[in-house]
Amino acid sequence: MAFVGLSVGHLCQELSKIHVSACGQRKKSIVYAKKKKNTWETPVTEYIPTEMDFMGWTPPPLDEDEFTPIVKTAAEAADERKGRNIVALRVAKLTCVTTFFLYISGGSAPQLRAITNLVEERLKEVHGMTTRYGIPGNPASGWLLLDYGDLMVHVFSEEQRKFYDPESIWQHGEQVDLSDVVSPEGLRKPDEVMEYGLDTTDEDDDW
């Protein structure tokens with residue numbers, strides 16, 4: 001059940017029609033996993049049944065979800081710009097804020113910009129979609145966001161991706177198989193994270 005094109009407010013209205021409280025008054029608990037050699041802690045969602053579970057609601061199979069092709073279009077575009085560690089998660093039963101997260105890593109500020117630009121261009125061209133709030137963030141920060149409502153695309157530097165560790169936060173989401181649209185290189189996790197921050201120069205970048 002993907003609510004394509006609906007705002008969060010309209011989404012909540014639709015959920016309320018099936019007696020699910022507006023905007024996901026969903027029960028969750030947070031456990032904190034101490035990271036080795038770091039003083040910060042990463043919140044990790046511990047799955048607890050929601051109102052939808054008690055009502056017997058389950059989303060359709062991933063290959064039947066109407067938003068899965070959109071997720072794959074975005075992932076394919078990111079792969080064309082040599083994005084790495086491309087991961088898509090469906091979190092429809094964990095939050096009402098969105099249905100899918102797409103995570104992408106890049107190695108330099110120009111690459112992050114190039115990935116974001118092509119994803120935005122391709123989703124508009126193929127699916128007629130535009131972001132709801134522009135593109136928050138900037139390449140030099142190491143984190144850019146494309147918010148399409150049912151899909152949120154996060155483009156990270158490898159350093160920021162490791163620091164925020166979003167896959168751990170949404171570890172109970174369903175992983176989308178992207179092997180039919182993303183190259184093995186695009187699916188590969190980085191061997192190591194850059195130690196000296198994000199490269200913000202355009203030198204030697206061909207995007």
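This is a predicted model: local features need pLDDT of at least 70, side-chain atom pairs count only at pLDDT 80 or more; totals for chains, interfaces and linings use all residues.
Now H3 itself. The helix covers 68-80. How far apart are its end C-alpha atoms? They are 19 Å apart. At 1.5 Å a residue, the 13 residues of H3 should span 18 Å, so the two values agree.

Which residues of H3 are buried? They are Thr-68, Ile-70, Val-71, Thr-73, Ala-74, Ala-75, Ala-77, Ala-78 and Asp-79. The cover over them includes S3, S4, H4, S7 and helix H7 (184-187).

On to the sheet. It is open, with six strands and mixed pairing. The order is S5-S6-S7-S4-S3-S8. S5 and strand S8 (174-175) stand at the edges. Each has a single partner strand, so one side of each is left without a neighbour in the sheet. S3 and S4 run antiparallel, joined by five bridges. Ala-88 stands opposite Leu-102 in S4. H3 packs on this sheet and touches S3, S4 and S7. The direction of H3 makes about 5° with that of S4.

Next, the core. In soluble globular proteins, nonpolar side chains tend to be buried together. Here the largest nonpolar core has 28 residues. Those with the most contacts inside it are Ile-86, Leu-102, Ile-104, Val-119, Leu-151, Val-153 and Leu-178. Which elements each supply at least two residues? H3, strand S3 (84-90), strand S4 (100-106), helix H4 (109-127), strand S6 (143-147) and strand S7 (151-157) do. The largest share, six residues, comes from H3.

Take Leu-102. Leave aside its neighbours within four places in sequence. Leu-102 is then in contact with Val-71, Ala-74 and Ala-75, among others. Its contacts also include Ile-86, Val-87 and Ala-88. Leu-151, Met-152, Val-153, His-154 and Leu-178 are on the list too.

There is a second, separate core of nine residues. Among them are Leu-89, Leu-94, Phe-101 and Trp-170.

Last stop, a loop residue. Thr-131 lies in the loop between H4 and strand S5 (137-138). Is Thr-131 buried or exposed? Its relative accessibility is 14%, so Thr-131 counts as buried. What does Thr-131 touch, not counting residues up to four places away in sequence? Thr-131 touches Glu-120, Leu-146, Asp-147 and Tyr-148.

That is the tour.

Conventions:
Residues are numbered from 1 along each chain as its sequence is written. Side-chain values use heavy atoms; hydrogens and water are left out. A nonpolar core is a set of buried Ala, Val, Leu, Ile, Met, Phe, Trp, Tyr and Cys residues joined through side-chain atoms within 4.5 Å. Buried means under 20% relative accessible area, exposed over 50%, partly exposed in between (1.4 Å probe, protein chains only). Helices (H or I, at least four residues) and strands (E, at least two) are DSSP runs, numbered from the N terminus. Contact means heavy atoms within 4.5 Å. Two strands pair if DSSP finds at least two bridges between them. Axes are lines fitted to C-alpha atoms, for helices over the stretch in contact, and angles run from 0 to 180 degrees between N-to-C directions. The expected span of a helix is 1.5 Å times one less than its number of residues.
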